[in-house]
Amino acid sequence: MAELFDKQAAIYSDSRPTYPAEWYKMLADLTPHHSLAWDVGTGNGQAALGVAEHYKQVIATDTSEPQLKHATPHPRIRYLHTPPSLSDDNLANLIAPAGDSSLDLITVAQAVHWFDLPRFYSLANRLLRKPGGILAVWGYNDIAVTPAFDAAAKLFHDTTLPYWNSKIDLIFDGYKSLPFPFENVGLGSEGNPVALDIPKELSFEGYLNMVRSWSAVVTAKERGVDLLPEDTVRELEAAWGGARLVRSVAYKGFMLAGKVKICL
């Protein structure tokens, strides 16, 4: 799935919400050890930076090299390109050279729906510390601005539906249908993710950059369809309240966190 994001890597890094610092503290409070964490599908490294505030070392991986070129350096983060062709054993050796059952936390922000889930979950079960290791996955879908803008944004969003990869349906339903075979730790469970808003001060240009980075918008453009012609942009701008207006918005987030189920 990396090719879906390679072409829009530059605007992707500037157009997404910042996950609240409290989320990372909340997850850190769940793990008794804070030595090693793995941020999977790290993209520009946003989640890895938050994790690094609480863990001694963070391995941040992505299958997209262009995305990693926009990642923010940090002394406790090691960024690695991990192509899908990499075997599980080789990937495990890169992530956790100390061996199995050595990761304190695995995080996946706005990405797990693209994964080969059986393969990823098998690797997570193998590498997470037992007991105590935590896997946390989260995402967001809708953005709440005002009733008028939200209605206009939905009309625009509906035009993008034919161009999304089918795996995005997991995001559209807020991970309610995402398989998640891990033991409940009080932050959502399979079929019942916890809702977590993500506040942000957003300009209209920021909103446009976000939707321009959607894989559906890029795919449509490659097929000769412009989903953001001038008249659509003008309609959205009017509903926003003008190009210069900065609004307080809330991205509608959701999270599932759990630990490895121990069979006795």
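## Helices α8 and α12

Let's start with a pair of helices: α8 and α12 are roughly antiparallel to each other, because their packing angle is about 160° and angles over 145 degrees count as roughly antiparallel. Please keep in mind that this is a predicted model. Helix α8 covers residues 147-160 and helix α12 covers residues 230-240, and their axes lie 8 Å apart. The crossing in which α8 passes α12 is left-handed.

Which residues make the contact between the two helices? From α8 come Ala148, Phe149, Ala152, Ala153 and Phe156, while α12 supplies Thr232, Leu236, Ala239 and Trp240. Sorted by class, the contact of α8 with α12 has 8 nonpolar residues, 1 polar residue and no charged ones.

## Helices α8 and α10

Helix α8 also packs with helix α10 (residues 204-212), at an angle of about 25° and with the axes 13 Å apart. Angles under 35 degrees count as roughly parallel, so α8 is roughly parallel to α10. The crossing of these two helices is right-handed.

On the α8 side, Phe149, Ala153 and Phe156 take part, and they meet Phe204, Tyr207 and Val211 of α10. By class, this contact of α8 with α10 has 6 nonpolar residues, no polar residues and no charged residues.

In the loop between β4 (105-109) and α7 sits Gln110, a residue other than glycine whose phi is positive, near 55°. In the loop between α7 (117-127) and β5 (134-144) you will find Pro131, and the peptide bond that joins Lys130 to Pro131 is cis, with omega of about -5°.

Why point these out? Most residues other than glycine have a negative phi, and most peptide bonds are trans.

## The second largest pocket

Finally, here is a look at a pocket. The second largest pocket holds about 170 Å³ of space. Its lining consists of Arg212, Val217, Val218, Lys221, Val225, Asp226, Leu227, Leu228 and Val233.

Which element gives the most to this lining? Helix α11 (residues 215-222) does, with 3 residues. By class, the lining of the second largest pocket has 6 nonpolar, no polar and 3 charged residues. Arg212, one of the lining residues, belongs to α10, which covers residues 204-212. Val233, another residue of the lining, falls in α12, which covers residues 230-240.

Notes
Residues are numbered from 1 along each chain as its sequence is written. This is a predicted model: local features need pLDDT of at least 70, side-chain atom pairs count only at pLDDT 80 or more; totals for chains, interfaces and linings use all residues. Side-chain values use heavy atoms; hydrogens and water are left out. On a 1 Å grid over the protein atoms alone, a cavity is a set of points where a 1.4 Å probe fits but cannot get out, and a pocket is an open set with protein on both sides within 12 Å along at least five of seven lines; lining residues have an atom within 4 Å of a point. Grid points are joined across faces, edges and corners, and a volume is the space filled by probe spheres set on the points. Helices (H or I, at least four residues) and strands (E, at least two) are DSSP runs, numbered from the N terminus. Ala, Val, Leu, Ile, Met, Phe, Trp, Tyr, Cys and Pro count as nonpolar, Asp, Glu, Lys and Arg as charged, and the others, Gly among them, as polar. Axes are lines fitted to C-alpha atoms, for helices over the stretch in contact, and angles run from 0 to 180 degrees between N-to-C directions. Angles under 35 degrees count as roughly parallel, over 145 as roughly antiparallel, 65 to 115 as roughly perpendicular and the rest as oblique. A crossing is left-handed if the near helix is turned anticlockwise from the far one by less than a right angle, and right-handed if clockwise. Contact means heavy atoms within 4.5 Å.
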